Each structure stands twice: as structure tokens, then as C-alpha cells.
Amino acid sequence: MNIAVSACLLGEPCRYDGTARPCEAVVALGERHKLVPVCPEVLGGLPVPHPPCEIVLAERALRVVDADGADRTDAFVAGAAKALELVRQEGCKLAVLKAKSPSCGSGQVYDGTFSGTLAPGFGVTARLLRSEGVRVVDENLLQDALAQSARVRPGALAPLLAASSAECPALETERLVLRPLTGEDVADVFAYCRDADVGNDAGWPPHRTMEDSRIFVDVVASEPHVFGVFEKVAEGAGAEESSASRAFRAHAAVPVPATGPCIGSVGLIADPQRRNPDCLMLGYALAKWAWGKGYMTEAAREVVRYGFEELRIPLLTCTHYLFNDRSRRVIEKCGFVREGTLHAAEASPDGIMRDVGMYFLTAEDWKEGGPHHG
């Protein structure tokens, strides 16, 4: 994964006061990832040092001023545009930017009164990158996510940094293992995806050939945070363990329980209804013979936990066709809150434009275990 990073976090003395703010966790990312340093204020032509600047949040139109009262908006806008150009050239989907900065701040910035007052908001560059689908986090969120990953899976890649499903961890519940799909799983995927009741209810055409399932595994399921669903089998019951499970476990970096064949998929993907890089949508499908066992609720709850605790996503969403009561029950058992019906939202496999029920769940509600907690 290529990651855009505020240059000051890497030790470059480019801040307004001529200093750097090196962050050990950010610097260490360079051991496994290509880091793309950006300093929007330097890119915009501001000298180093220069008077401190803040966004005037009391005004609805963007205006950046320095402590002497000079308008610096043009420089900040120009620097943001050049930073976006670098991010596009390098294909960065994640940016780690300096907290509270008028260029790079993510979630909180100083309010333009030069009184040390923080307020909800984003820096000029952070705003632009987010509008282009780049997820922006600050060094504090990064360190929290890395610490959580180290507690759960010491030495493993933090999910926040995964560029594909193969780099994601295997997750475990009482009865299930959720792990990345591989080419060894294609036949098992075809076995359940060919069922018209599975595909049509989930919103995709039933697989007609093994090649359909191979494309699903190689393209759709290769995206980060998409997992196959597998039943655990008793240790030592070698005859029950699938050959795909044995192959996966032989090369897994972290020990994974033995499982049977793939019986479904579950994951977090971009929500097509929202232009919000801090939101992911829960999606899933399960073999028909496994319906009614509580498997998908069990799997979905674990993926929700993964999204909030390990990816640090603040908002998750989910949808279902209105006729699909099984899916609705899974969503509600996971704690999602219904926000309404989106009419004629998408064509189902039969070509009919369908209404969908729309749901959301915030990290705050999930963490607090309030009335909507699953």
C-alpha cells in the first residue's frame, strides 16, 4: 500500500515555525509501505517559517488567515490541489496527516480565533482528499489502530494498512472462521453461489459456471476486508477438514483452526450510496443449507467489531431488499438502526428496480452498548 504522509511527521522541518513533528509509528510504516511525503503549505508556496494560520470556521465560505490577519486561502487551496495530484499519481487510498493542522487536520482544527480553541472540522487538504475517496487519519488514530492490532495479533499487519484481502487477518468466532478466499476455495464458492435463492436475495446473479466463481474470488473477494465464511471442525478430524483449509493453514502467518469448505462470504465494502471514505457497508451471503443456524449473525457481529475496533471506522451501514426478512433480522440483531427506504435503488438480478431498507450503526453507539447495540 502506498500511503500519503504529512512530511513533518517523517521529520522534515516544514511546519509553520520551522520545526518537525516526527512520529515513530508513522516513520516505521516505511519498512513495509511506500510513503509519499506531502507538505501542502510548502507546495502552496508559503515560506518556512511563516506566521501560524487557522481556518475561520465561523464563516461558511473557506477562508484561511494568518496571525497577522493576512488572507492565505489561495496558498492553502493551491497546496491542497498539488497534494491531491501527488496522491493520485501514487495511487494512495490512505493518508496519515498531522492532527489539528489547517491543511492536514482530521476531525478537529483550530477555529480561526487564534485562542487555542479546537472545533470540529478538517484542514483544507484533508477536505479535498476525502472528497476524492481517500481515507484520512491523523497520527493519533493511526497509533491507536496499530496498538489494537498488536494486542490482538502481535506481529501481524494492522488491518488499517491492508491493501487486499490476502493482507487481512483471519477472524474467529465460536463456530466459524472468517478468512480471505483463495483459488483453492473456488469450487466450494461455486457450490453455494449457483443457488438462485442465495444470489437473488443478496443482489447478484447466481453463478452459472466455475469461472463466475473464480472471478468473484479473484476480483470481488480480493478487496480488503472481505472474508469467506467457514465452519470449524474438531481438531484431529482430518477427514472433515477441507483441502482448501489445509492449504490455507499450511501458509498462514498466524495459526488458524481447521475448517470445512466455504459456506458464504461477509465483508465491509464502500457504500455506493455515500461519498464518505469513513463509512463502510456490511454485505454477506450464506449457503442455503446453513440458513437458520445463526451463522450469519455470528459472522456479521464479528465483522462489525473488526470494523469499529481494528479499522477505526466511525460509521457502518447495511441494506436489504424489502422482501428479504432473513437479512433484515441479521441486520437488526447486529444493532443497526433503520434510517428509511431508498425507493427504486437498484436493479435486482431479474431486472426489476427494487426498494431497499437502509440501516446505520455508529462506533459510538456500538461501543457504548446503548439501545441499538447488537
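The crossing of α3 and α4 is right-handed; a crossing counts as right-handed if the near helix is turned clockwise from the far one by less than a right angle, and left-handed if anticlockwise. This is a predicted model, where local features need pLDDT of at least 70, side-chain atom pairs count only at pLDDT 80 or more, and totals for chains, interfaces and linings use all residues. Residues are numbered from 1 along each chain as its sequence is written, and side-chain values use heavy atoms, leaving out hydrogens and water.

**Stop 1: the helix pair.** Select α3 and helix α4 (residues 124-131): their axes come within 9 Å and cross at roughly 40°. Helices (H or I, at least four residues) and strands (E, at least two) are DSSP runs, numbered from the N terminus. Axes are lines fitted to C-alpha atoms, for helices over the stretch in contact, with angles from 0 to 180 degrees between N-to-C directions. That makes α3 oblique to α4 (under 35 degrees is roughly parallel, over 145 roughly antiparallel, 65 to 115 roughly perpendicular, the rest oblique). Now show the contact (heavy atoms within 4.5 Å). From α3, it includes Phe76, Leu84 and Val87; from α4, it includes Val124, Leu128 and Leu129.

**Stop 2: the sheet.** Select β2, β1, β5 and β8. In that order, these 4 strands form an open sheet with parallel pairing. Two strands pair if DSSP finds at least two bridges between them. β2 (34-38) and β8 (135-138) stand at the edges with a single partner strand each, so one side of each has no neighbour in the sheet. The twist averages 25° from one strand to the next.

Zoom in on β1 (residues 2-6) and β5 (residues 94-97), which pair over 3 bridges. Isoleucine 3 has leucine 94 of β5 as its bridge partner.

Stop 3: Most residues other than glycine have a negative phi, and most peptide bonds are trans. Select valine 48 and proline 49: a cis peptide bond joins them, with omega about 0°. Proline 49 lies in the loop between α2 (40-43) and β3 (53-55). Next, select lysine 100. Its phi is positive, about 75°, although it is not a glycine. Lysine 100 sits in the loop between β5 and β6 (106-110).
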